[in-house]
Amino acid sequence: MTKDSYMLRVSKVQILGDNMKMNDYQLETILRNLSTIKDRSPFYQMKYKDIDLTKIRDQKDFETLPFSDKSDLREVYPLGLQAVPDKEVVRIHSSSGTTGTPVIIPYTKKDVEDWAIQFERCYRMAGITEMDRIHITPGYGLWTAGIGFQAGAERLGAMAIPMGPGNTEKQLKMMVDLQSTVLCATSSYALLLSEEIQKRGIRDKLALKKGVIGSERWGDKMRKRIAGELGVELYDIYGLTEIYGPGIGISCSYKNGIHVWDDYLYFEVINPKTGEVLPDGQVGELVITTLRKEGAPLIRYRTHDLTRIIPGDCPCGSRFPRIDIITGRTDDMIKVKGVNMFPAQFEELIAKFPDASSEYQVMIDHLEGKDHLTLFFETKLEQEKRPQLEKDMAKEFKEMVNITIIPKAVNIGDLPRSEKKTPRIFDNRY
Ligand code: ZN
(Lines give C-alpha, C1' and ligand atoms only; values in the text may rest on other atoms or scores of the structure.)
Protein backbone atom coordinates (compact mmCIF):
# COMPACT_ATOMS: atom_id res chain seq x y z
CA MET A 1 0.00 0.00 0.00
CA THR A 2 1.31 3.44 -0.84
CA LYS A 3 1.74 6.02 1.83
CA ASP A 4 -1.03 8.17 0.35
CA SER A 5 -3.62 5.45 0.32
CA TYR A 6 -2.69 4.66 3.91
CA MET A 7 -3.24 8.28 4.94
CA LEU A 8 -6.58 8.19 3.21
CA ARG A 9 -7.58 5.17 5.24
CA VAL A 10 -6.51 6.75 8.46
CA SER A 11 -8.66 9.78 7.80
CA LYS A 12 -11.58 7.51 6.98
CA VAL A 13 -11.17 5.83 10.34
CA GLN A 14 -11.06 9.22 11.95
CA ILE A 15 -14.41 10.14 10.46
CA LEU A 16 -15.91 6.85 11.59
CA GLY A 17 -14.72 7.52 15.15
CA ASP A 18 -15.15 3.82 15.61
CA ASN A 19 -12.87 3.36 18.57
CA MET A 20 -12.24 -0.27 19.34
CA LYS A 21 -14.79 -1.73 16.96
CA MET A 22 -12.79 -3.29 14.16
CA ASN A 23 -12.45 -0.56 11.54
CA ASP A 24 -12.25 -1.05 7.77
CA TYR A 25 -8.49 -0.82 7.65
CA GLN A 26 -8.11 -3.37 10.44
CA LEU A 27 -10.63 -5.78 8.90
CA GLU A 28 -9.06 -5.58 5.44
CA THR A 29 -5.58 -6.06 6.86
CA ILE A 30 -6.60 -8.96 9.06
CA LEU A 31 -8.39 -10.73 6.18
CA ARG A 32 -5.39 -10.22 3.91
CA ASN A 33 -3.06 -11.55 6.60
CA LEU A 34 -5.27 -14.57 7.24
CA SER A 35 -5.36 -15.46 3.54
CA THR A 36 -1.64 -16.28 3.60
CA ILE A 37 -0.90 -17.02 7.25
CA LYS A 38 -0.92 -20.81 6.86
CA ASP A 39 1.66 -20.61 4.05
CA ARG A 40 3.92 -18.26 5.96
CA SER A 41 3.71 -19.48 9.52
CA PRO A 42 4.29 -23.11 10.52
CA PHE A 43 2.88 -22.15 13.92
CA TYR A 44 -0.47 -21.03 12.51
CA GLN A 45 -0.49 -23.84 9.96
CA MET A 46 -0.62 -26.23 12.91
CA LYS A 47 -2.87 -24.10 15.06
CA TYR A 48 -5.47 -23.54 12.35
CA LYS A 49 -5.17 -26.90 10.62
CA ASP A 50 -8.86 -27.67 11.12
CA ILE A 51 -10.10 -24.15 10.38
CA ASP A 52 -11.18 -22.90 6.95
CA LEU A 53 -9.88 -19.34 7.07
CA THR A 54 -11.70 -18.38 3.85
CA LYS A 55 -14.89 -18.49 5.93
CA ILE A 56 -13.65 -15.63 8.14
CA ARG A 57 -15.25 -12.51 6.67
CA ASP A 58 -16.05 -10.07 9.45
CA GLN A 59 -15.36 -9.16 13.06
CA LYS A 60 -17.85 -11.72 14.31
CA ASP A 61 -16.16 -14.54 12.38
CA PHE A 62 -12.78 -13.34 13.55
CA GLU A 63 -13.93 -13.62 17.16
CA THR A 64 -14.44 -17.35 16.67
CA LEU A 65 -10.72 -17.95 16.03
CA PRO A 66 -8.88 -19.63 18.91
CA PHE A 67 -6.59 -17.48 21.07
CA SER A 68 -2.81 -17.76 21.02
CA ASP A 69 -1.12 -17.96 24.38
CA LYS A 70 2.41 -17.85 25.72
CA SER A 71 2.34 -21.59 26.35
CA ASP A 72 1.68 -22.24 22.61
CA LEU A 73 4.59 -19.96 21.76
CA ARG A 74 6.90 -21.84 24.11
CA GLU A 75 6.04 -25.12 22.43
CA VAL A 76 7.57 -23.99 19.16
CA TYR A 77 10.85 -22.82 20.75
CA PRO A 78 13.20 -21.66 19.36
CA LEU A 79 12.11 -20.37 15.92
CA GLY A 80 8.77 -21.99 15.26
CA LEU A 81 7.03 -18.61 15.17
CA GLN A 82 9.12 -17.35 12.28
CA ALA A 83 6.88 -16.50 9.31
CA VAL A 84 9.51 -15.24 6.82
CA PRO A 85 12.56 -16.81 5.11
CA ASP A 86 15.79 -16.73 7.19
CA LYS A 87 17.32 -14.01 5.02
CA GLU A 88 14.65 -11.53 6.12
CA VAL A 89 15.24 -11.91 9.86
CA VAL A 90 17.52 -9.19 11.21
CA ARG A 91 17.15 -9.62 14.96
CA ILE A 92 15.54 -11.73 17.65
CA HIS A 93 14.24 -10.84 21.07
CA SER A 94 13.22 -13.12 23.84
CA SER A 95 10.90 -12.89 26.78
CA SER A 96 12.41 -13.74 30.14
CA GLY A 97 12.53 -17.44 30.72
CA THR A 98 12.25 -17.32 34.51
CA THR A 99 9.20 -19.57 34.51
CA GLY A 100 10.27 -22.00 31.83
CA THR A 101 11.28 -22.08 28.19
CA PRO A 102 11.61 -18.54 26.81
CA VAL A 103 9.72 -17.31 23.76
CA ILE A 104 11.84 -16.16 20.82
CA ILE A 105 10.42 -13.48 18.54
CA PRO A 106 12.14 -12.92 15.16
CA TYR A 107 12.02 -9.39 13.67
CA THR A 108 12.41 -8.31 10.05
CA LYS A 109 13.95 -5.00 9.05
CA LYS A 110 10.45 -3.57 8.69
CA ASP A 111 9.38 -4.88 12.12
CA VAL A 112 12.34 -3.11 13.71
CA GLU A 113 11.44 0.11 11.86
CA ASP A 114 7.74 -0.18 12.70
CA TRP A 115 8.59 -0.57 16.37
CA ALA A 116 10.78 2.55 16.30
CA ILE A 117 8.00 4.50 14.54
CA GLN A 118 5.56 3.52 17.30
CA PHE A 119 8.10 4.38 19.98
CA GLU A 120 8.77 7.76 18.45
CA ARG A 121 5.02 8.37 18.54
CA CYS A 122 5.08 7.57 22.26
CA TYR A 123 7.76 10.16 22.92
CA ARG A 124 5.88 12.75 20.87
CA MET A 125 2.65 11.99 22.72
CA ALA A 126 4.55 12.75 25.93
CA GLY A 127 5.71 16.07 24.49
CA ILE A 128 9.31 14.91 24.18
CA THR A 129 11.27 16.47 21.31
CA GLU A 130 14.63 16.29 19.56
CA MET A 131 15.93 18.78 22.14
CA ASP A 132 15.52 16.24 24.94
CA ARG A 133 18.19 14.06 26.51
CA ILE A 134 16.73 10.67 27.19
CA HIS A 135 18.27 8.70 30.05
CA ILE A 136 17.51 5.04 29.39
CA THR A 137 17.76 2.68 32.38
CA PRO A 138 15.83 -0.40 31.16
CA GLY A 139 18.10 -3.31 30.26
CA TYR A 140 19.69 -3.93 26.88
CA GLY A 141 20.00 -7.46 25.59
CA LEU A 142 17.61 -10.24 24.76
CA TRP A 143 14.58 -8.57 26.17
CA THR A 144 12.98 -5.72 24.34
CA ALA A 145 13.29 -2.84 26.76
CA GLY A 146 16.44 -0.73 26.39
CA ILE A 147 16.85 -1.03 22.65
CA GLY A 148 13.24 0.02 22.04
CA PHE A 149 13.66 3.21 24.08
CA GLN A 150 16.90 3.84 22.22
CA ALA A 151 15.61 3.30 18.68
CA GLY A 152 12.60 5.54 19.36
CA ALA A 153 14.82 8.28 20.78
CA GLU A 154 17.15 8.16 17.80
CA ARG A 155 14.27 8.23 15.35
CA LEU A 156 12.88 11.24 17.17
CA GLY A 157 16.28 12.90 16.95
CA ALA A 158 16.77 13.26 20.70
CA MET A 159 20.00 12.44 22.50
CA ALA A 160 19.82 8.86 23.81
CA ILE A 161 21.87 8.13 26.92
CA PRO A 162 22.02 4.32 26.91
CA MET A 163 22.68 3.59 30.59
CA GLY A 164 20.97 0.25 31.12
CA PRO A 165 20.10 -0.73 34.69
CA GLY A 166 22.19 -0.72 37.84
CA ASN A 167 25.05 1.29 39.30
CA THR A 168 22.95 4.01 40.88
CA GLU A 169 26.05 6.10 41.59
CA LYS A 170 26.90 6.29 37.91
CA GLN A 171 23.27 6.87 36.92
CA LEU A 172 23.08 9.96 39.13
CA LYS A 173 26.46 11.27 38.00
CA MET A 174 25.46 11.03 34.33
CA MET A 175 22.08 12.55 35.07
CA VAL A 176 23.78 15.56 36.60
CA ASP A 177 26.69 15.85 34.16
CA LEU A 178 24.65 15.35 30.99
CA GLN A 179 21.56 17.17 32.28
CA SER A 180 19.19 14.38 31.26
CA THR A 181 15.67 15.73 30.77
CA VAL A 182 13.75 12.47 30.44
CA LEU A 183 14.08 9.40 32.66
CA CYS A 184 13.01 6.05 31.22
CA ALA A 185 12.67 3.35 33.86
CA THR A 186 10.50 0.69 35.43
CA SER A 187 8.42 2.06 38.27
CA SER A 188 10.50 0.24 40.91
CA TYR A 189 13.73 1.65 39.56
CA ALA A 190 12.28 5.15 39.22
CA LEU A 191 11.26 4.92 42.88
CA LEU A 192 14.72 3.73 43.90
CA LEU A 193 16.36 6.56 41.97
CA SER A 194 13.98 9.19 43.32
CA GLU A 195 14.73 8.05 46.88
CA GLU A 196 18.48 8.25 46.23
CA ILE A 197 18.11 11.72 44.71
CA GLN A 198 16.10 12.81 47.74
CA LYS A 199 18.65 11.32 50.14
CA ARG A 200 21.55 13.13 48.49
CA GLY A 201 19.63 16.36 48.07
CA ILE A 202 20.74 16.71 44.44
CA ARG A 203 17.36 17.47 42.85
CA ASP A 204 18.45 21.05 42.11
CA LYS A 205 21.38 19.81 40.06
CA LEU A 206 19.12 17.76 37.78
CA ALA A 207 17.31 18.87 34.64
CA LEU A 208 14.68 16.09 34.69
CA LYS A 209 11.27 17.13 33.36
CA LYS A 210 9.59 13.92 32.36
CA GLY A 211 9.53 10.25 33.23
CA VAL A 212 8.52 7.50 30.82
CA ILE A 213 7.72 4.61 33.07
CA GLY A 214 6.80 1.17 31.93
CA SER A 215 6.69 -2.57 32.09
CA GLU A 216 5.13 -2.84 35.50
CA ARG A 217 1.73 -2.27 36.92
CA TRP A 218 1.94 0.40 39.58
CA GLY A 219 -0.47 1.99 41.98
CA ASP A 220 -1.54 5.60 41.94
CA LYS A 221 0.20 6.21 45.22
CA MET A 222 3.56 5.08 43.90
CA ARG A 223 3.03 7.19 40.79
CA LYS A 224 2.30 10.30 42.85
CA ARG A 225 5.28 9.64 45.06
CA ILE A 226 7.75 9.30 42.19
CA ALA A 227 6.26 12.31 40.41
CA GLY A 228 6.39 14.33 43.63
CA GLU A 229 9.89 13.37 44.68
CA LEU A 230 11.36 13.75 41.22
CA GLY A 231 9.24 16.76 40.39
CA VAL A 232 8.54 15.38 36.92
CA GLU A 233 5.56 14.58 34.78
CA LEU A 234 5.09 10.83 34.37
CA TYR A 235 3.86 8.90 31.35
CA ASP A 236 2.89 5.22 31.37
CA ILE A 237 4.29 3.31 28.44
CA TYR A 238 2.85 -0.08 27.50
CA GLY A 239 4.10 -3.07 25.57
CA LEU A 240 5.21 -6.66 25.70
CA THR A 241 8.02 -8.60 24.08
CA GLU A 242 5.73 -10.84 22.06
CA ILE A 243 4.20 -7.75 20.39
CA TYR A 244 7.24 -5.57 19.42
CA GLY A 245 8.09 -4.57 23.03
CA PRO A 246 7.39 -1.39 25.01
CA GLY A 247 6.05 1.44 22.85
CA ILE A 248 2.72 0.16 21.56
CA GLY A 249 0.93 2.78 23.63
CA ILE A 250 1.44 5.58 26.13
CA SER A 251 -0.59 7.91 28.33
CA CYS A 252 -1.00 11.53 27.23
CA SER A 253 -0.81 14.60 29.45
CA TYR A 254 -4.47 14.11 30.46
CA LYS A 255 -3.42 10.88 32.23
CA ASN A 256 -6.69 9.15 31.60
CA GLY A 257 -5.58 5.87 30.11
CA ILE A 258 -3.07 4.75 27.50
CA HIS A 259 -3.45 5.68 23.84
CA VAL A 260 -2.69 2.62 21.72
CA TRP A 261 -1.60 2.43 18.07
CA ASP A 262 -4.56 0.77 16.41
CA ASP A 263 -3.07 1.09 12.93
CA TYR A 264 -0.42 -1.47 13.95
CA LEU A 265 -2.48 -3.60 16.30
CA TYR A 266 -6.04 -4.71 16.90
CA PHE A 267 -7.14 -4.78 20.53
CA GLU A 268 -9.87 -6.83 22.20
CA VAL A 269 -10.79 -7.24 25.87
CA ILE A 270 -12.16 -10.64 26.85
CA ASN A 271 -13.56 -12.37 29.87
CA PRO A 272 -10.48 -14.39 30.91
CA LYS A 273 -12.60 -17.33 32.04
CA THR A 274 -15.00 -17.71 29.12
CA GLY A 275 -13.06 -16.02 26.30
CA GLU A 276 -16.10 -13.95 25.38
CA VAL A 277 -15.35 -10.48 23.96
CA LEU A 278 -16.46 -7.79 26.42
CA PRO A 279 -18.10 -4.47 25.55
CA ASP A 280 -15.96 -1.31 25.81
CA GLY A 281 -15.62 -0.09 29.37
CA GLN A 282 -15.61 -3.53 31.01
CA VAL A 283 -12.45 -4.87 32.65
CA GLY A 284 -11.02 -8.10 31.30
CA GLU A 285 -7.94 -9.55 29.65
CA LEU A 286 -6.32 -7.64 26.81
CA VAL A 287 -5.95 -9.63 23.58
CA ILE A 288 -3.83 -8.28 20.72
CA THR A 289 -3.63 -9.09 17.01
CA THR A 290 -0.70 -7.72 15.03
CA LEU A 291 -1.66 -6.06 11.75
CA ARG A 292 1.73 -5.48 10.15
CA LYS A 293 4.19 -7.73 11.91
CA GLU A 294 6.16 -9.89 9.46
CA GLY A 295 8.71 -11.88 11.48
CA ALA A 296 6.27 -13.31 13.98
CA PRO A 297 2.67 -12.24 13.38
CA LEU A 298 0.32 -13.04 16.24
CA ILE A 299 -3.41 -13.48 16.06
CA ARG A 300 -5.60 -13.01 19.13
CA TYR A 301 -2.67 -13.17 21.52
CA ARG A 302 -3.63 -13.29 25.20
CA THR A 303 -1.53 -10.78 27.13
CA HIS A 304 -2.86 -11.78 30.58
CA ASP A 305 -2.95 -8.06 31.35
CA LEU A 306 -6.15 -6.80 32.91
CA THR A 307 -7.53 -3.56 31.55
CA ARG A 308 -10.55 -2.13 29.74
CA ILE A 309 -11.15 -0.18 26.57
CA ILE A 310 -12.06 3.37 27.52
CA PRO A 311 -15.08 4.49 25.52
CA GLY A 312 -15.24 7.96 24.00
CA ASP A 313 -12.65 10.50 22.92
CA CYS A 314 -9.75 11.87 24.90
CA PRO A 315 -9.73 15.65 25.48
CA CYS A 316 -6.18 15.72 24.07
CA GLY A 317 -7.74 15.29 20.63
CA SER A 318 -5.73 12.23 19.62
CA ARG A 319 -7.64 9.89 17.34
CA PHE A 320 -5.93 6.88 18.90
CA PRO A 321 -8.18 4.86 21.20
CA ARG A 322 -7.37 4.25 24.85
CA ILE A 323 -7.04 1.32 27.19
CA ASP A 324 -6.95 1.85 30.94
CA ILE A 325 -3.77 1.66 33.01
CA ILE A 326 -3.06 -2.06 33.49
CA THR A 327 -4.72 -3.02 36.78
CA GLY A 328 -3.19 -6.46 37.16
CA ARG A 329 -2.42 -9.75 35.50
CA THR A 330 -4.83 -12.62 35.24
CA ASP A 331 -2.09 -14.80 36.71
CA ASP A 332 -1.57 -12.42 39.67
CA MET A 333 -5.00 -13.38 40.82
CA ILE A 334 -4.79 -15.05 44.21
CA LYS A 335 -7.45 -17.07 45.92
CA VAL A 336 -7.49 -16.67 49.68
CA LYS A 337 -10.20 -18.14 51.86
CA GLY A 338 -12.15 -18.87 48.71
CA VAL A 339 -12.12 -15.26 47.44
CA ASN A 340 -10.32 -14.07 44.28
CA MET A 341 -8.10 -11.03 44.83
CA PHE A 342 -5.84 -8.82 42.74
CA PRO A 343 -2.81 -6.79 43.84
CA ALA A 344 -4.73 -3.67 42.77
CA GLN A 345 -7.02 -4.18 45.76
CA PHE A 346 -4.09 -3.85 48.18
CA GLU A 347 -3.04 -0.70 46.35
CA GLU A 348 -6.57 0.62 46.65
CA LEU A 349 -6.48 -0.05 50.40
CA ILE A 350 -3.10 1.63 50.87
CA ALA A 351 -4.25 4.64 48.86
CA LYS A 352 -6.98 5.25 51.44
CA PHE A 353 -4.46 5.72 54.27
CA PRO A 354 -2.16 8.74 53.91
CA ASP A 355 0.15 7.34 56.62
CA ALA A 356 0.84 4.21 54.57
CA SER A 357 3.52 4.63 51.91
CA SER A 358 3.32 3.11 48.42
CA GLU A 359 5.46 0.02 48.98
CA TYR A 360 3.85 -3.21 50.14
CA GLN A 361 4.34 -6.93 50.22
CA VAL A 362 1.80 -9.68 50.71
CA MET A 363 2.59 -13.00 52.39
CA ILE A 364 0.09 -15.81 52.32
CA ASP A 365 0.54 -18.78 54.61
CA HIS A 366 -1.51 -21.78 55.54
CA LEU A 367 -1.35 -22.38 59.26
CA GLU A 368 -3.42 -24.76 61.36
CA GLY A 369 -5.84 -25.41 58.55
CA LYS A 370 -6.43 -21.73 57.70
CA ASP A 371 -5.13 -19.20 55.17
CA HIS A 372 -3.42 -16.16 56.66
CA LEU A 373 -2.73 -13.08 54.59
CA THR A 374 -0.20 -10.60 55.96
CA LEU A 375 0.13 -7.22 54.28
CA PHE A 376 3.46 -5.51 55.00
CA PHE A 377 3.44 -1.80 54.27
CA GLU A 378 5.90 1.03 54.90
CA THR A 379 5.16 3.99 57.11
CA LYS A 380 6.89 6.98 58.72
CA LEU A 381 4.59 6.77 61.77
CA GLU A 382 6.09 6.33 65.25
CA GLN A 383 5.92 2.84 66.71
CA GLU A 384 3.17 3.61 69.21
CA LYS A 385 0.79 4.86 66.52
CA ARG A 386 1.20 1.86 64.27
CA PRO A 387 -1.19 -0.64 65.95
CA GLN A 388 -4.15 1.72 65.41
CA LEU A 389 -3.30 2.18 61.73
CA GLU A 390 -2.97 -1.59 61.31
CA LYS A 391 -6.36 -2.08 62.95
CA ASP A 392 -8.01 0.56 60.77
CA MET A 393 -6.57 -0.96 57.62
CA ALA A 394 -7.75 -4.46 58.55
CA LYS A 395 -11.23 -3.07 59.19
CA GLU A 396 -11.31 -1.21 55.88
CA PHE A 397 -10.15 -4.24 53.90
CA LYS A 398 -12.78 -6.39 55.59
CA GLU A 399 -15.38 -3.89 54.39
CA MET A 400 -13.95 -3.77 50.87
CA VAL A 401 -13.36 -7.46 50.19
CA ASN A 402 -14.91 -9.23 53.18
CA ILE A 403 -11.65 -10.93 54.12
CA THR A 404 -9.68 -10.54 57.33
CA ILE A 405 -6.05 -9.68 56.71
CA ILE A 406 -3.15 -8.88 59.04
CA PRO A 407 -1.62 -5.49 58.15
CA LYS A 408 1.94 -5.05 59.51
CA ALA A 409 3.69 -1.69 59.48
CA VAL A 410 7.43 -1.57 58.74
CA ASN A 411 9.87 1.33 58.35
CA ILE A 412 10.34 3.17 55.06
CA GLY A 413 13.00 1.32 53.07
CA ASP A 414 12.47 -2.02 54.84
CA LEU A 415 10.79 -3.68 51.88
CA PRO A 416 13.03 -4.65 48.96
CA ARG A 417 13.32 -2.39 45.88
CA SER A 418 14.57 -3.80 42.63
CA GLU A 419 15.75 -2.64 39.24
CA LYS A 420 13.34 -4.90 37.43
CA LYS A 421 9.91 -5.96 38.52
CA THR A 422 9.39 -6.01 42.27
CA PRO A 423 7.62 -9.20 43.38
CA ARG A 424 4.89 -8.27 45.86
CA ILE A 425 2.85 -11.38 46.41
CA PHE A 426 4.46 -14.36 48.12
CA ASP A 427 2.24 -17.38 48.34
CA ASN A 428 3.83 -19.80 50.81
CA ARG A 429 0.92 -22.20 50.88
CA TYR A 430 2.19 -24.66 48.28
ZN1 ZN B 1 -5.17 11.80 25.28
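How many aromatic pairs does the count come to? The count comes to nine aromatic pairs, where rings of Phe, Tyr and Trp (its six-membered ring) pair if their centres lie within 6.5 Å, with planes under 30 degrees apart counted as stacked, over 60 as edge-to-face and the rest as tilted. The model is predicted, so local features need pLDDT of at least 70 and side-chain atom pairs count only at pLDDT 80 or more, while totals for chains, interfaces and linings use all residues. Residues are numbered from 1 along each chain as its sequence is written, and side-chain values use heavy atoms, with hydrogens and water left out.

One of the pairs joins Y44 and Y48: the ring centres are 5.1 Å apart and the planes stand at 40°, so the pair is tilted. Y44 is buried, with a relative accessible area of 0%, and Y48 is buried, also with 0%; buried means under 20% relative accessible area, exposed over 50%, and partly exposed in between (1.4 Å probe, protein chains only). A tilted pair is also formed by F346 and Y360, at 6.4 Å centre to centre and 35° between the planes. This pair links distant parts of the chain, with F346 in helix α11 (residues 343-351) and Y360 in strand β18 (residues 356-367). Helices (H or I, at least four residues) and strands (E, at least two) are DSSP runs, numbered from the N terminus. Both F346 and Y360 are buried. F43, Y44 and Y48 form one aromatic cluster.

The largest nonpolar core has 66 residues, of which Y123 and I134 touch the most other members. Such a core is a set of buried Ala, Val, Leu, Ile, Met, Phe, Trp, Tyr and Cys residues joined through side-chain atoms within 4.5 Å. Helix α6 (residues 109-125) gives the most to this core, with six residues. Apart from it lies another core of 22 residues, including F377 and L381.

The zinc ion is coordinated by C252 (SG), H259 (NE2), C314 (SG) and C316 (SG), at 2.1 to 2.3 Å. Donors are N, O and S atoms within 2.8 Å of the metal (3.2 Å for Na, K and Ca); water is not among the atoms, so sites may look incomplete. The angles among the four donor atoms are 101 to 117°, and the site is tetrahedral, a label given to four donors if all angles lie between 85 and 135 degrees. Along the chain, the donors follow the spacing C-x6-H-x54-C-x1-C. C252 and C314 are both buried.

How values were computed:
Tetrahedral: all angles 85-135°; square planar, octahedral: opposite > 155°, others 65-115°.
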